[in-house]
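Thanks, everyone. I have one structure to go through today. Please take a look at it first.

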Amino acid sequence: MKKIFTIGLSLALVFGFSFTSTDTAEAKAKAKTYKNCTELNKDYKGGVAQSSKVKNKGGKTKYKPFVSKDLYNANTKSDRDKDLIACEK
């Protein structure tokens, strides 16, 4: 019984720390505010969309936008046509 408890506790700790560290790293990346579209497009060629359901109003684009609500909200100033996709290409 002690072995099962020890193994269960060990697994819980390992999984707990692994999920916590990735969530923290993603949160830092999502919150980055870019100076302009040139800087944003270096990291995200297709721009950043608020959700996967939004449609581009500006016509055809070459690249599919990266979907991230937090990243879009940090860079809403770069969405000139207000179609919920910032810096689309």
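Where is the place of Cys87? Cys87 sits in the segment after E3. Helices (H or I, at least four residues) and strands (E, at least two) are DSSP runs, numbered from the N terminus.

A word on the source. This is a predicted model, where local features need pLDDT of at least 70, side-chain atom pairs count only at pLDDT 80 or more, and totals for chains, interfaces and linings use all residues. Residues are numbered from 1 along each chain as its sequence is written, and side-chain values use heavy atoms, with hydrogens and water left out.

Back to Cys87. Its relative accessibility is 6%, so Cys87 counts as buried. The cut-offs: buried means under 20% relative accessible area, exposed over 50%, partly exposed in between, with a 1.4 Å probe and protein chains only. Phi of Cys87 is near 60 degrees, a positive value in a residue other than glycine. Most residues other than glycine have a negative phi.

Now the bonding. A search of the whole structure finds one disulfide, meaning a pair of cysteine sulfur atoms within 2.5 Å. Cys37 and Cys87 form that disulfide, with their sulfur atoms 2.0 Å apart. The pair links distant parts of the chain. Cys37 is in helix H2, residues 37–43. Cys87 follows strand E3, residues 85–86. Which hand does the disulfide have? The torsion about the S-S bond of Cys37 and Cys87 is about -80 degrees, so the disulfide is left-handed.

Lys82 also has a positive phi, near 55 degrees. Lys82 lies in the loop between helix H3 (69–74) and E3. Lys82 is exposed, with a relative accessible area of 59%.

Next, charges. How many salt bridges does the structure hold? Two. The criterion is a side-chain nitrogen of Lys or Arg within 4 Å of a carboxyl oxygen of Asp or Glu.

Asp43 and Lys32 meet in a salt bridge at 3.9 Å, N to O. That pair links distant parts of the chain: Asp43 in helix H2, and Lys32 in the loop between helix H1 (2–30) and H2, 11 residues apart. Asp43 is partly exposed at 45%. Lys32 is partly exposed too, at 42%.

Glu39 and Lys42 also meet in a salt bridge, at 3.5 Å, N to O. They are three residues apart in helix H2, so about one helical turn separates them. Glu39 is partly exposed at 33%, whereas Lys42 is exposed at 59%.
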